[in-house]
Each structure stands twice: as structure tokens, then as C-alpha cells.
Amino acid sequence: MVAQRNYVIVNAQIVPISAAPFTGSLVITEGRIAELGASVEQPSGHEVIDAGGGWVLPGLVDAHVHLGVHEEGEGWAGADVNETTDPVTAAARALDAINPADIGFADARAAGITAVNVNPGSANPIGGLAVAIKTQGRIVDEMILRSPSGLKAALGENPKRIYGERKQTPNTRLGVAMTIRKAFTEAWRWQTKDPAERPADLVSEALAMVLERKIPWRQHCHRADDIATALRIADEFGYDLVLDHGTEAYKIADLIAERDIPVLYGPMIVSRSKVEVRERSPKAPGILSRAGVRVSIITDHPVVPIEFLIHQAALAVREGMDPTEALKAVTLNPAEVLGVSDRIGSLEPGKDADLALWSGDPLDTRNRVLRTWIDGEQVYAHAED
């Protein structure tokens, strides 16, 4: 095993996210953040990196992607995102289909993105288990932050279209909601049996993790009425809900805020390709944030290429979102939603040394990532040529 290199980054504008920005230094020792501050003594045996006034931020986090399971430019051979042979595939795991050689991982590192949450797709009412991973590794098992990190489900147009074309259940919104309720009811019955008498049931085991609040229910939904259905079913079964996409969430921001339900908003830089996304708005993240909703911004890669995550945050700022909240929406907020904020999402002593050096303010799209580190290892360096 190669020994980890230790660094001290000096002359930097450091943006911890969890604290106020300052000009100073940051020390990386054995893959972790050892110290940071305006006045830090340079430890011996550490390579000195002069940031030249550049900005140091925690690695960005995209909490909703299909990176590695929907490979770019590979056609059907790289499309492993939807198992459409059954409306309920709760036991399917995105982990088993991720290809770390997908070119999108290199794009992520070049954009300062050090962690992502990979989801199954939204063709099924219940699609499968998601996994939070880092964006560098030979095999996915070396990249895992949390597995599983949630159970993906979908309301709205996608599942009703897929199964409606086959003339089978569910082919309406009410059928999709019924399918979800039936699956939870069966899992609840399985859960109440004596463990020694339970039959092997991978689907019920996955759903039981949600009912026991071990993992969140990741609900794909766009329209306000679908979001209301998501809230209703969550109230019925008592699990931890995360709203993925939430295109019209800004219309009922108060209802979402009073339940303390996170919204992963996006993708934003897309056409109005279907009815349920017609009222998408770059103003939405700001509206939600001001209402007290914990907002994350997502790309849904490859729907929006992952390298444009920060551009979406900048667009939200242009349309009224507070810049500090916008940076939290691509760092600490998604890390908290994924349950890994003890390791990533902010610059604090003891956390993983997942960070990026920017030429300036990341919300100014003229600036770029100069270097990216994951676990203290440099995984990207910009070359002018």
C-alpha cells in the first residue's frame, strides 16, 4: 500500500461551509483534515501548496445521480438504471451496476465533486436501493460512503407511462400510489412475524429498513399534487421522507418546511420535456430555502452533465438564492441528507480530506477547479494545455 502524502495548503481563501470563510491555511494528514485556521503552524514533513489566493472548499456532493449505472455514450450496453420487469424491485441495488470507469466520474472530479448518491431510475413505483459513494476508486466497493443510503421510489408520469404502455398495473397515479401502499403493507406484515418464522423476502427486508427508519424513502416526484401524495403516504407509514426533484415544491414550501422534509431540487438546466416539469424554475431553490426547507441542488446526471452542478447553484443565486445557502446546497446539505456529514460536506478537523482548490469564487462561472483531493489523494489537477 502506498503511503499517503501529507499537505499544507497556504495563502488560501478557505470556505469551511460550517463556519465563516477566512484567509489562512489547511493541513491534510493521513487522508484527513488535521487543522485549519488563519494562523496555522506548518508541520514538518508536509508538502506546501501555495493556493495563491484561490478558494478552498469541501468537495461538492451531488445527492441524486445515475453515474455509473447509466453510462454516457454506451447505449443499451451501459444502461442499467431501470429494472422494468416488475413494478416493485425494492431489493435491486444500484451498487451492483456501477461502473467506476464511466467517464462521468472523471468529469465529476474535474468539477470538484468528490461524492455522489447513485440511484436506480424512476420507471418503477419502487425502484431499488441507492448508494452514496466517492468519485474515485478502482471498484465501487472501495468507494462506498453509505450502503444503502435510501430506497428509491417514483410517483408521477414515469411509472404510469412505462406500465400503462403495457396495459398493466399501475397505469394511473392512483395505481402507482396503491402499488406503494400494498408493498409497505406486505412488508409490515412480514415485519410483525417472529423472526424465526419469517420467509426469505428480499423486497420486504428492503422496505422494512425504511419502516424502521434505518434509511430514508427517496421519493421521485415533480408536481405539487404528487408531492402531496408523497407526504400523505409518509404520514400513513411513518418513515423518513426525502423529496427528489420537487419541481413544484416551491408551491407548497410551507407544508414541506413544517414537516422538516429535505428537497433535492433539480435538474434545472433542462427543457420542459414533459408536463410535470413545465413549471420548473431556477427561483425555486431560493424560495424553498427562505421558507426554511433544507435544499440540495442535483443534476440527475446524465440528464444534466454532472460538471454543471455548480452552474445550477450559480443560476439559483442569480435568481435570488442566498450565496451561502447555495454553497450549502451542494456540500453540507446533501451530505446530511445522505447521512454522511460526519465525514464530508464541510471543512473540519477529523473529516475526510475531500476538498477542491478553485481559482476563485465557485459561484462565478468564470472560475475553475485547479486541484481536487479525495481522502488526501490528489485526483485531479488542471493543466492549461
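## Reading the terms against the values

User: What makes up the span of residues 55-379, and how far apart do its end C-alpha atoms lie?
Analyst: The span is 29% helix and 20% strand, with its end C-alpha atoms 17 Å apart. Helices here are DSSP runs of H or I with at least four residues, strands are E runs of at least two, and both are numbered from the N terminus. A word on the basis: this is a predicted model, in which local features need pLDDT of at least 70 and side-chain atom pairs count only at pLDDT 80 or more, while totals for chains, interfaces and linings use all residues. Residues are numbered from 1 along each chain as its sequence is written, and side-chain values use heavy atoms, leaving out hydrogens and water.

User: Why pick out residues 55-379, and what does the record call them?
Analyst: An unreviewed UniProt entry annotates them as "domain: Amidohydrolase-related". Please keep in mind that such annotations may be inferred rather than shown by experiment; feature names are shortened, and positions follow the numbering used here.

User: How many helices and strands does the chain have?
Analyst: The chain has 10 helices and 16 strands.

User: How do you know whether the radius of gyration agrees with or departs from that of a compact globule?
Analyst: The rule is 2.2 Å times the number of residues to the power 0.38, with the radius taken over C-alpha atoms. For 385 residues this gives a value near 21 Å, and the chain has 21 Å, so the two agree. Along the principal axes, the C-alpha atoms fill a box of roughly 65 × 50 × 40 Å.

User: What makes Thr331 count as buried?
Analyst: Buried means under 20% relative accessible area, exposed means over 50%, and partly exposed lies in between (1.4 Å probe, protein chains only). Thr331 has 0%, so it is buried. Thr331 sits in the loop between helix 9 (323-328) and helix 10 (332-337). Beyond its neighbours within four places in sequence, Thr331 contacts Ile17, Pro58, Gly59, Leu60, Val61 and Gly345, where contact means heavy atoms within 4.5 Å. Across the chain, 55% of the 385 residues count as buried.

User: Why is Ala97 called partly exposed?
Analyst: Its relative accessibility is 23%, so Ala97 falls in the partly exposed class. Ala97 lies in the loop between strand 6 (60-65) and helix 1 (103-110), and touches Gly68, Val69 and Asp80, not counting residues up to four places away in sequence.
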